[in-house]
Amino acid sequence: METIFHDAVHVLLALGLPPLLLGLIAKTKALFAGRVGPPVLQPYYDLIKLFQKGSVFSTTTTWVFRAGPVVGLVTAVIAVLMIPLAGATAPLSFTGDFVLLAYLLGLGRFFTASAALDTGSPFEGMGAAREVTFACLAEPAFFLGMLVLAKLSGSLQLADMLGSSLASHWTADGESLVLVLLSWFIILLAENSRIPFDDPNTHLELTMIHEVMVLDHGGPAFGMILYGAALKLFVFGALVVRLAFPRTGGSPWLDWPIFVGGMLVVAVAIGVVESIMARLRMTHVPVLLVAACLLSGFGIILLVR
Amino acid sequence: MPVFLISLLGNIYGLGYWKQTEHPQNGRKLRLFYGTMTAGMALLVIAQNSILFLFGWEIMALSAFFLVTTEDNEKEVRETGWIYLVATHVATLCLFALFAVLHAANGSFTLGPLNPETLRPGAATAIFVLALVGFGIKAGIMPLHIWLPSAHAMAPSHVSAMMSGVLIKMGIYGLVRITSFLPHPPREWGILLLGLGVASGVLGVAFAIGQHDLKRLLAYHSIENIGIIVMGLGLALIGRSLDRADWIILGLGGALLHVWNHALFKALLFLSAGSVIHAAHTREIDRLGGLAKVMPRTSLCFLVGAVAICGLPPLNGFVSEFLIYLGLFGTLVNGEGTSFAGASFAVPALALIGALALACFVKVYGAVFLGTARSEHARHAHESPPSMLGPMGVLVACCFLIGLAPLLIAPILQEGMSAWAPNLKDAGPRLAMLAPLEWITSMGLLLNLAVLLGGVVLWMRLGRGVVEEGVTWGCGYVAPTPRMQYTSSSFAQMLVGMFGWVLRPRTHHPKDLPLFPPETYFHSEVPDVVLDVVVLPTFRFGAWLFSWCRVFQHGNIQTYLLYIFLALIALLLWR
Amino acid sequence: MVPLLDPLLIVALTLNFVALGVSRIRGVINAVALQGVLLGILALFVHPAIGTRVILLVAVTVGLKGFVIPRYLVHALREANIQEEVKPGVGSFMGSLLLGAVGTGLAMVFSDTLPLAEQHKHLLLVPASLATVWTGFLMLTTRKRAIMQVLGYLLLENGIFMFGLLLLEATPFLVEVGILLDLFTGVFVMAIIIHHISREFASTSTEHLTELKG
Amino acid sequence: MPVASLGHSILVVFALQGPPVRALGGWLVLDPLGKIFLGFVSVLFFICSIYTARYLNLGHERPNRIFCVCFLLSLSMMTLVILSHHLGLMWVGMEATTLAMAPNIYFYHTPRSLEATWKYLLICSVGIAMALFGLFFLAYATLHTSLEPTLLLDDLVQHAPELSHPWLRAAFVLVLVGFGTKMGLAPMHTWLPDAHGEAPAPVSAMLSGALLPCAFLAILRVFHICNAAGEGAFSREIMVVLGLFSMAIGAIFMTGQRDLKRLLAYSSVEHMGILVFGIGIGGLAVFGALLHVLNNGLTKVALFLSAGNIQSAYGSRSTEDVSGAIRRLPITGTLFLAGFFAITGSPPFGPFLSEFTIVNAALGSDQFLAGALFLLLLAIVFIGMGSTIIPVVQGDPPEAAAQPGFRDGFLTSAPILVSLALVLLLGVYIPPPLESLLREAAALLEVKR
């Protein structure tokens, strides 16, 4: 009963919340810029609109081009279902599930990038190149953070690694957790192609990463991509939140709101970062990512010294 | 253990034989040595006696040499074959020494575990080092891999599939066998193996990214995968030195499973590459492109292989890497300090390898099969005959099978492991207990279903809405030409730059462009550092030295007589 | 007979120097031949019991070493119309003479240190043989003419033969004769080769024979 | 000539059946050692003679009479060397073989062959003279201890312990240098490449296959005495050093060698080194060395004969003009390549077994340095030899050689095939009688106190 309830809430939140985050980020940026900005629910409207539209496909493309969005979305959905949201174990949870998590996102990346190359356009090729290149640096950072959590929790299951037991460690090994938190936040920005790595709504294709990959998609396909991106953001956001506030009060009525609140805070934080920082030069991006790796690495070294 | 490996080999050979129909133009010779090579390997794995072992080993190596030099009328093929020959012979000599020491250690030529009492100090180390070098050359562990890339590139495709799939695994097999003989492996060996594995994994894939020759690139990926396998083996060794059954099982299980998987998907990739070359008559990635339209089946096979080799779910590559991940994390969760040191640098390295491999294969797949053709050949390519597609299909099926139902092979792995570490035989956890294989299955199925569902949804939406066809939106540039595409050089530029300190890439592009650059290009190539910087200069120096020594035989008979006299005096004054 | 033995050996030794020092090939040949004869006679003195086989041996030795071989060489010389006058390849006559002297001296000293059997302690035989061997080597290595090398080889053989005199019992007659026969055939074949050489290169200097190297 | 050699072989076969015979009061004895060498030499000779029959008809306008006579003479002399247990007699035989072979080396009557012959003749004669000196020393060693001076092997072995050791040592060194010259041990090997290079193929084959081992046998006889006299350690040490040195010289001169037959000749130098090294290592290695005599001989014959075919097909021996042999002469080329792999000790050929045995003994008896050097040299040899042979065999034949001339015939390829088949057989399976024979011989050489 309990678990069923949890899973139900989990699915609902996981599938419903993400676009809201996008909207919230946009809103925050607008407020900083002194504008009113689009309504918070704007992303939902966009998605609906996109699904209604027809679409244009390039003559150079093959089925791979169409498969890209689908796989991207599906992997994101499954990934979302693997994150323990509010203390309770996720619907899909087993030993070493985080490895699968990482590789699922990898699968999504593979197909999205392939789809981009399928168009044969120089810009999208460029975007794909950058995407995979930066991912190469993000993955190690992610796993280093996982090392820290595994060492602390003594388990290889996200439910325990990010479970409420983590709260006790904040007192003991706080500093390494802070480091991991920082590095994961950086990864979050990078993986979801936010400023300072990428500017989702710039208009100069040469400076884009993720957006430029999906230039040619339109209509439902693009909708899928957008939704997938939102889910991905949700996944990383959830990771960060669980890492930041692992404490759970036991009663679901308390936990879920806390979690949702956390997610909203993260979204706002992203918005703040985006508004106060400028895009990095493409050549400086790897440096920042390496910094993320180093942070997590420090964390693990602090832990085992 | 032999049982396990023979089943494995038999499996691959079956595939191997079907592939013979692939290259009809390579005549009897090819078939003959193909047969002898397989025979040699069979002999090798059933050999319980070191002499027999050497027989099988050398038969395999020599026939491989003849296979590599199938087109020996081309100069570079000859050079390649020669390098391979030297490397393999050095390996064989190492094995001479190895088996001699073994014989000295346990007094017989039968390959069996050594008993700790009679083992003299140092002998074990000597055995380990010799085995590492001898088998490492064959397996292509990083510093010893010099022969591998060009050999794989030059050989006919199904031969390269065989070599990369099975032949180099013989090195691993030997390493596993020998390490299983040593009673108490010190922890350092395991750490050494782990380090070597990491090195060859990362560097292998880094080199691969820089390549343009399709088969050369795949060859470097073999090095990478060997690296992963060696990591697993090292983990297992550490586990044995510290009596941690779970590490042994996860590490060795992962390694053996990866041996199997790599054989499958690498054979698949090489075969698809073969049919690409067959169709487009070039191995240059930058001159291919858009093949997915003309040869859809081949491109599908290659895609499956690529996903598998990147270790992405739901294919087999993921399973073995998953096991190794679990093992490495396991050393961390409740292990001692030293072995932890191994894990902590191996985990991110493995992650890096995975991501790099992904980048590399996105590049290859995109550049070769997607987009539009970059050359006439590629434009007029054609789908290959079913005799070539058949084996690929089988391999694809195997990849999915192992990827979706790893439980099926768990018992065989278990058998192999208990043969390696006898104390596992009775007690100790089973592989199935340690790793949630059933979860992998269910997740894989779920993934496939979901993808299917999503596809259907998209299809329906598209069916509903209006679908038009148009040229690619070139961001304002109209009429995109194929030459505007992102080439593999450009794709890899950033990554190659990151590894520039070891790859030493040679990039060609005009410096200080004028303000409206008339026509520019970017092209980079990555030579094999170890071969060009270390090995060849050494050989040249040796040759120079020897040619200098020739002065002593300059044909003057009086001097010759003097030599005799001097030798006489020297020997008389010996004592 | 010992008092007679040593003077003969002294003569043999001086013949070594003659062979080294003389500039005319004919002279060298004669020197070597004379040495051979001396050796033959020596055999009589070394061995108290003069049996028939010793006599025979002496006869054969003197015959071959003293007459047949020299005749044959001279004949070959005429055949190949080699101009007389030989120059040492290395150094000068003086140099090779000095070397020979040093070698002989060394041989003397060395043979004193050798653990010889009692009855041979005071014999000059061993040092003489060593010195002759040394001379032979000197000739082989310093002379350029092919024929001079043959002569050097002969000297070498003489030296060894001297040593062999100590133990005639050990080597049965048959073997002795076999050895001599081999020696003869060897010289015979060498002479043929020299003949060919002089035909090929219009000279018997081995300087032409340095084609094969490496 | 094949007939004669066949007759000889038949005789030999009968002899091998019988027990050790003693003739002429122990002057001629057929002991296990002798049996091995005798049977082996006659087999080799048979193979070569068959080849020669065709080879001589190949249109050399030279008179073949002298050739055949000398060939048979050398055979009989070798038989004498092998059989004789009287060292003096053995010496006579040895010198005789030297002289008998000389005209055959000069077979082509070219200036180069003339030079080769001259060097061969002079160097070998001087060397063998040294050996005679050594033998006299040996006899003196007996005389010295107031024994009845003798050169009979059996008596010497019998009284070995009483012999005076300084003389014995000196004798051993002299004999080693002397017969070593004939056997082609560095640095006395200088005549060998010239002679092998210039002689007709069958002659070179006989030289390196049979004649050198005979010299080796002679050394073994004296080593036997030393061993029995308890000077084993001393002689072994010297032999190991000489063996390694010869191998090194062989390796050095093989790398980048342009001339096929000279290459093979240097390989003979190397393998003579291996033989001596094996004896020097002792123990199991003696067995290996004796086995290696057979393997090396057979393989060398195969290589030289096929090199002869290649030479007559291309009209040249230098690697500049020869390439793609496997296309020009399919059978010979293949056999040549196989022979190369065999001689470099790759399984499953015979030399692998013997070399592996030697390495095994070396490492097994804690002579690690020697063993390591041995392996290193083997590697260098492989590289050096292969860098010459592989280009010769592979690739496309030059146009010059394309014209129809010499082709693979039955008589020219069958002997090679047979010998290689034998090598392969020896690698896979040693027939029991041969093995027992080898064991006896090895035991004979071991210390019997």
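## Confidence in chain B

Over residues 1-26 of chain B, pLDDT stays under 50, and the model has 46 contacts beyond four places in sequence for this stretch. The structure is a predicted model, and these values therefore express the predictor's confidence in each residue. For chain B as a whole, the mean pLDDT is 76, with 77% of the residues at 70 or more.

## The contact between chains C and D

Chain C contributes 31 residues to its contact with chain D, and chain D contributes 33 residues. On the side of chain C that touches chain D, the elements giving two or more residues are α6 (146-165) and α7 (173-201) of chain C. Of the elements on this side, α7(C) gives the most, with 12 residues.

Sorted by class, the side of chain C that touches chain D holds 19 nonpolar, seven polar and five charged residues.

## The largest nonpolar core

The largest nonpolar core comprises 567 residues. Among the residues with the most contacts inside this core are A:L21, B:L268, C:L151 and D:I219. Helix α5 (residues 111-144) of chain D supplies the largest share of the core, 23 residues.

Which residues are in contact with B:L268, leaving aside its neighbours within four places in sequence? They are B:C301, B:V304, B:G305, B:M392, B:L395, B:V396 and B:C399. B:C399 is also listed among the residues with the most contacts inside the core.

## One face of a helix in chain B

Helix α17 (residues 410-420) of chain B has the buried residues B:L413, B:G416, B:M417 and B:W420. Viewed down the axis of α17(B), these buried residues fall within an arc of 100°, so they line one face of the helix.

Methods. Residues are numbered from 1 along each chain as its sequence is written. Chains are lettered from A and ligands numbered from 1 in the order in which they are written. This is a predicted model: local features need pLDDT of at least 70, side-chain atom pairs count only at pLDDT 80 or more; totals for chains, interfaces and linings use all residues. pLDDT is the predictor's confidence in each residue, from 0 to 100. Two residues are in contact if their C-beta atoms, placed from the backbone, lie within 7 Å. Helices (H or I, at least four residues) and strands (E, at least two) are DSSP runs, numbered from the N terminus. Ala, Val, Leu, Ile, Met, Phe, Trp, Tyr, Cys and Pro count as nonpolar, Asp, Glu, Lys and Arg as charged, and the others, Gly among them, as polar. A nonpolar core is a set of buried Ala, Val, Leu, Ile, Met, Phe, Trp, Tyr and Cys residues joined through C-beta atoms within 7 Å. A residue is buried if 20 or more other C-beta atoms lie within 10 Å of its own, exposed if 12 or fewer, and partly exposed in between; C-beta atoms are placed from the backbone. The arc is that of the directions from the helix axis to the C-beta atoms.
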